[in-house]
Structure formats: C-alpha cells, structure tokens
Amino acid sequence: MNVDLKGQVAVVTGGSRGIGRGIAEALARNGATCVVTGRNTQRLKEVEAVLQEIEPTCRGAVLHVEDMAEVAAFAKETFGDLGRIDILVNNAGITDDQLLLRMKEEQWDRVLETNLKGVFNCTKAVARYMLKKKYGRIVNISSVIALMGNPGQANYAASKAGIIGFTKAVARELARKQITVNAVAPGYIQTDMTEKMEDKARDAILSLIPQGRLGRSEDVAGAVLFLVSDAASYVTGHVLNVSGGLYI
Ligand SMILES: NC(=O)c1ccc[n+]([C@@H]2O[C@H](COP(=O)([O-])OP(=O)(O)OC[C@H]3O[C@@H](n4cnc5c(N)ncnc54)[C@H](OP(=O)(O)O)[C@@H]3O)[C@@H](O)[C@H]2O)c1
C-alpha cells in the first residue's frame with residue numbers, strides 16, 4: 001500500500017525492533033519523518049541509521065513509556081523541534097507470562113505499567129499537540145489475546161483489552177477534532193517476543209491459524225498504513241485484527 005505522508009511527523013514507540021521497527025520503516029518509506037523510541041541506545045542507533053537511509057529526517061530517541069514526566073518532556077521537545085506530530089503509534093509492549101496463582105504482583109504491575117499506562121501517557125502527551133493542529137492519527141497496538149484470552153497471560157490480556165477500551169473512549173473524545181484513534185490487534189507475529197516460544201507451542205499455534213503461517217511485521221505495518229491514510233479518515237474507534245484468521 002502506498003500512502004503520501006510527506007511532511008508528516010510520526011512517533012512510533014518501541015520502534016527499535018520487531019513490529020515497531022517494521023511500522024517505522026513503512027511510514028518512512030511513505031515519506032514520514034519518523035521518531036522511533038525505545039530503551040536500548042545501541043538498537044536505536046542501528047534503526048536510526050536504517051531509517052535515515054530511507055528518509056533522512058528520521059531519528060531515534062530513548063523513551064520509557066511508563067514514565068509520565070519523561071513522556072511529556074519528549075512530546076514537548078519533539079513538537080518544539082519538528083513543529084508537529086501527526087501520527088502516534090503506541091506499539092511499545094512486553095510480556096511476562098505466568099499462570100494466575102504463580103503470578104507475582106510485580107509481574108502484573110510491570111506489564112500493565114508498560115502496556116497500558118504507557119499508552120495513556122503517550123496519548124495524553126501527544127494529543128495536546130494534535131489538538132493544536134486539529135489533526136491526528138493515533139494507532140494503538142493491542143493483540144488478539146485481548147479478545148481470545150490465553151492461559152498464562154492474564155496480565156498481558158488485561159493490558160491489551162484495556163487498550164481497546166481506552167481506544168474507544170478516546171476516539172469518542174477526539175472525533176470532532178479530526179483526530180482518529182484506532183487499534184490493531186495482531187495475532188502471532190515473528191519477532192523477539194514470539195521467538196521465546198518452544199517449538200511445540202509454536203506448532204500448536206500454527207495449527208490454529210487458518211492461513212497456516214505466523215505473521216510478519218509488514219503485515220501489521222500494512223494495517224497501520226491504512227489507518228493513518230486519508231482512505232481511513234472516517235474510521236475511528238475500530239479494532240483491526242491482523243491474525244491470518246486466528247481470531248475471526
Ligand atoms: N509479536 C507478536 O506476536 C505480537 C502479537 C500481538 C501484539 N503484539 C504487540 O506488538 C507490540 C510489539 O511487539 P514485538 O513483538 O515487536 O515486541 P519486541 O520485539 O519485544 O519489541 C518491543 C519493543 O518495545 C520496546 N519497549 C519495551 N518496553 C518498553 C518501555 N518500558 N518503554 C519503551 N519502550 C519499550 C522495546 O524497546 P527495547 O528494544 O529498547 O527493549 C522494543 O522496541 C507490543 O505491544 C506487543 O504486545 C505482538
């Protein structure tokens with residue numbers, strides 16, 4: 001899919017690898033100035049170099065999404081430097097799996113803080129600048145696990161389901177200001193996150209995916225490109241599953 005994003009500024013959280021990196025590359029290829037964020041400086045440097053080959057105005061920035069003050073300062077600085085933030089992709093996320101009775105409080109808190117509070121922090125911080133321009137596209141990366149559940153992922157499923165409720169509420173709040181807010185719910189995508197899976201678990205999952213393959217970052221990036229494009233200007237509050245049919 002080709003979209004004209006020339007002159008637009010996009011922030012992609014967790015863009016240093018995996019799905020976020022795929023999304024950032026796709027946005028840059030379509031002309032956007034991408035600011036990718038993550039925690040790991042070395043990885044950010046590498047992805048920044050790759051993105052600058054595509055679109056020289058792209059850059060990487062360290063950002064811990066769970067830290068509200070850090071996020072607010074980052075949004076202010078980005079808007080100050082680049083003069084606009086048109087697109088926000090809330091992609092940063094983690095898993096820390098455990099069956100309910102063995103799950104520690106810290107495991108619950110860490111996953112909720114990164115995955116759900118992180119989306120709140122970034123959306124709140126960036127939305128104020130989108131409101132100034134009366135334009136914005138916010139895409140939150142949820143998961144089909146929010147819709148299906150999965151043993152051992154109560155914390156992750158709750159965080160990703162929370163993102164869907166958040167998306168729908170904020171979509172209603174911002175609709176009149178030409179800001180759309182949507183979610184993408186990927187199935188199993190080949191990244192470091194799914195690399196941890198044992199072969200037996202991977203085979204079991206493959207047998208449940210009607211298309212018979214794991215997804216790629218590009219599959220998710222395609223859905224994001226659509227949601228930030230003019231073609232989707234009347235789409236808000238929607239959850240777009242990208243799962244090869246795993247969840248229908
Ligand atoms: N892979 C899947 O099958 C799948 C399926 C459904 C949904 N998702 C969702 O898609 C998103 C990306 O997943 P992925 O598979 O690409 O994951 P990944 O390869 O593990 O990458 C995670 C990214 O998030 C960043 N990150 C993690 N914690 C952070 C924090 N506290 N503050 C800022 N950045 C943080 C990481 O930065 P560093 O590199 O600096 O650590 C990295 O860039 C996640 O929200 C995930 O839940 C993934």
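What is the handedness of the crossing of H1 and H9? Before I answer, please keep in mind that this is a predicted model, in which local features need pLDDT of at least 70 and side-chain atom pairs count only at pLDDT 80 or more, while totals for chains, interfaces and linings use all residues. Residues are numbered from 1 along each chain as its sequence is written.

The crossing of H1 and H9 is right-handed, a word used when the near helix is turned clockwise from the far one by less than a right angle, with anticlockwise giving left-handed. Helices here are DSSP runs of H or I with at least four residues, and strands are runs of E with at least two, numbered from the N terminus. Two packed helices are described by the angle between their axes and the distance between the axes. For helix H1 (residues 18-29) and helix H9 (residues 217-228), the axes come within 8 Å and cross at roughly 50°, the axes being lines fitted to C-alpha atoms over the stretch in contact, with angles running from 0 to 180 degrees between N-to-C directions. H1 and H9 are therefore oblique to each other, given that angles under 35 degrees count as roughly parallel, over 145 as roughly antiparallel, 65 to 115 as roughly perpendicular and the rest as oblique.

On the H1 side, Gly18, Ile19, Arg21, Gly22, Ile23 and Ala26 meet Ser217, Glu218, Val220, Ala221, Val224 and Leu225 of H9, where contact asks that the C-beta atoms, placed from the backbone, lie within 7 Å. By class, this contact of H1 with H9 has 7 nonpolar, 3 polar and 2 charged residues; Ala, Val, Leu, Ile, Met, Phe, Trp, Tyr, Cys and Pro count as nonpolar, Asp, Glu, Lys and Arg as charged, and the others, Gly among them, as polar.

Let me stay with H1. Its 12 residues should span 16 Å at 1.5 Å a residue, and its end C-alpha atoms are 17 Å apart, which agrees; the expected span is 1.5 Å times one less than the number of residues. Because 11 of the 12 residues of H1 are buried, H1 is largely enclosed by the rest of the structure. A residue is buried if 20 or more other C-beta atoms lie within 10 Å of its own, exposed if 12 or fewer, and partly exposed in between. Just after H1, Gly31 takes a positive phi of about 105°.

H1 has another partner, helix H2 (residues 41-54), and here the axes come within 9 Å and cross at roughly 20°, so H1 and H2 are roughly parallel to each other. This contact is made by Arg21, Ala24, Glu25, Ala28 and Arg29 of H1 and Val47, Leu51 and Ile54 of H2, and its residues divide into 5 nonpolar, no polar and 3 charged.

Turning back to H9, 9 of its 12 residues are buried, and these buried residues pack against H1, strand S4 (87-90), strand S5 (136-141), strand S6 (179-186) and strand S7 (239-242).

Finally, consider two single residues. Lys160, found in helix H6 (residues 154-174), counts as buried because it has 26 C-beta neighbours inside 10 Å. Tyr135, which lies in the loop between helix H4 (105-133) and S5, counts as partly exposed, with 16 C-beta neighbours inside 10 Å.

Note on methods. Contact = placed C-beta atoms within 7 Å.
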